[in-house]
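Please look over the sequence and the model shown here before reading the report.

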Amino acid sequence: MTLYQNLANRLREHIEHDFYKAGDKLPSVRQLAQEHGVSISTVQEAYRQLEQEFLVEARPKSGYFVCARKKDNLPSISRPPQRPLEVSQWEEVLNMLMNRSGNKGVQLQHAMPDMKAPTLKPLLKTLSDLTKQKPELGLGYADIRGSEELRTQLCRLTVASGCQLHPDDLVVTSGCQEALAVCLRAVTEPGDIIAIESPSFYGSMQAIKAANLKAMEIPTHPETGISLEALELALDQWPIKAIFVTPTCNNPMGYSMPDDKKEQLYRLAQSYDIAIIEDDIYGDISYQFPRPKTIKSFDEDGRVLLCSSFSKTIAPGMRVGWIAPGRYRDKVTHVKYVSSSMCPVLPQLAIAKFIRLGGYAKHIRQMRQNYEQQRDHLLKAIKTYFPSDTRVSYPAGSFILWVELTPNIDSVALVERCREEGVGFAPGPLFSATGKYRNCFRLNFSEQSKEKREWAIKTLAAILLGLEQRTKTG
């Protein structure tokens, strides 16, 4: 057993025996190194292992803390149908996107970042200056792969996730949704089967539907992600063409798959010689520092198509996403060309400068801290006002979480009733190919003030109580 494993075991025992209680601050890295006569890197590795077990969490500029939550109230491990299915639910997704309740009340259904953050001011100024000083840059055709300046800065960013990329390895897209759609078309033919986590982001599901593919939903754990055992059984039984996953700060569950499990997933895909489409759109706003690795970081033969964008870290209206398509670069470039040709140049240049001058790193540090605090506030509000048997995810990053109610509650009926009171959320059936998870829903906690969020949760809880009473008496 290595030094860091010995240290991790000792800390784990202290936590499990309540020597350190939930919420307690743990000894600093330097203090533990001096006490145990080990290097700082050994202590950091021990803490990293405990982070992957969700026993401790790192808080920027504050140190390490014991995770303040119980594991017994997490959502259930999903049990999707054990066969490929065509994706439905488009009408329901469109209904939510149209947002009947408009801007009234408190809208917790859309995965939108905080776009009022002061740390975005340098980016807005750069974009304004470019529009005024060099408007011609936004009028003509540009490189179909995207601005070289942006692709260069993206290569710098991806180092944090364990990747070593060259600007020529990247293709810029109009957001991550286009990136995912392009990748699906690049590695499949109509009628093929795609393995995907369950529940999974409704945009991913609809991209599968648009490409005339079938979804093979795989059981997923609320802390560690897609079941590799179930995935391997599916690969043995069905001609699956690709694996589609969001392993870091998953949408909608919020988990981050441990790094060793990401590597195992890559090896599994390698042994079956199929592609992995990896959605890393939330990776940069992981609460863990340094941020978790991508599956792409383990890629030896170019089978991983890494997709991301700035829609969740900066703003969706910028419409700047990207792909690191590996061996599929030529096919991805062609599909991108026939799909939408080039992307607008000015937002790319503005973001490139924002990254180059350090503004993006500063913004991300602040957002990680803000979102983690907002997560804790929302979890506390749910625990205070919701029924005691409510199950809720514990996001490792981003600004969304998943709520599971008792089976007799219909989240579709609940959302319709809540809209009348000015509260919006995303019902569970949107996150399945066939409308499962009717007793679940997703909440966003990035935009609203604490007061508005708490009011929304109290309102939702009161309506939920009314529905439960009606169900019992009916």
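What follows is a short report on selected helices, strands and cores.

## Basis of the report

This is a predicted model, in which local features need pLDDT of at least 70 and side-chain atom pairs count only at pLDDT 80 or more, while totals for chains, interfaces and linings use all residues. Residues are numbered from 1 along each chain as its sequence is written, and side-chain values use heavy atoms, with hydrogens and water left out.

Helices (H or I, at least four residues) and strands (E, at least two) are DSSP runs, numbered from the N terminus. Strand β10 covers residues 275-279, and because five of its five residues are buried, β10 is largely enclosed by the rest of the structure; here buried means under 20% relative accessible area, exposed over 50%, and partly exposed in between, with a 1.4 Å probe and protein chains only. Both faces of the strand are covered, with Ala 275, Ile 277 and Asp 279 buried on one side and Ile 276 and Glu 278 buried on the other.

Two strands are said to pair if DSSP finds at least two bridges between them. Strand β9 (residues 240-245) runs parallel to β10 and is joined to it by four bridges, and Ile 276 is the bridge partner of Ile 243. Strand β11 (residues 304-309) also pairs with β10 in the parallel sense, over four bridges, and there Cys 307 of β11 stands opposite Asp 279. Together with helix α10 (residues 259-272), β9 and β10 make a right-handed β-α-β unit, where right-handed means that, with the strands pointing away from the viewer, the path from the first strand over the helix to the second runs clockwise.

## Ile 194 in strand β6

Ile 194 lies in strand β6 (residues 193-198) and, at 0% relative accessibility, counts as buried. Although Ile 194 and Lys 241 are 47 residues apart in sequence, their C-alpha atoms are 5.9 Å apart in space. With neighbours within four places in sequence left aside, the contacts of Ile 194 include Leu 184, Met 216, Ala 242 and Phe 244, a contact being heavy atoms within 4.5 Å.

## Helix α6

Helix α6 (residues 148-158) has as its buried residues Leu 150, Arg 151, Gln 153, Leu 154, Cys 155 and Thr 158. Among the elements that cover these buried residues are β5 (171-173), β12 (321-324) and α12 (345-356). One of the buried residues, Thr 158, has 4% relative accessibility and touches Cys 163, Leu 165 and Trp 322, not counting residues up to four places away in sequence.

## The nonpolar cores

A nonpolar core is a set of buried Ala, Val, Leu, Ile, Met, Phe, Trp, Tyr and Cys residues joined through side-chain atoms within 4.5 Å. The largest such core has 100 residues, of which Phe 310, Ile 314, Phe 386, Leu 414 and Leu 443 touch the most other members. A second, separate core of 23 residues includes Met 216, Tyr 266, Ile 274 and Ile 276.

Residues up to four places away in sequence aside, Leu 443 touches a set of residues that includes Leu 108, Leu 378, Phe 399, Val 403 and Leu 460.

## An antiparallel sheet

Two bridges join β13 to strand β14 (residues 400-404), and Val 392 stands opposite Val 403 in β14.
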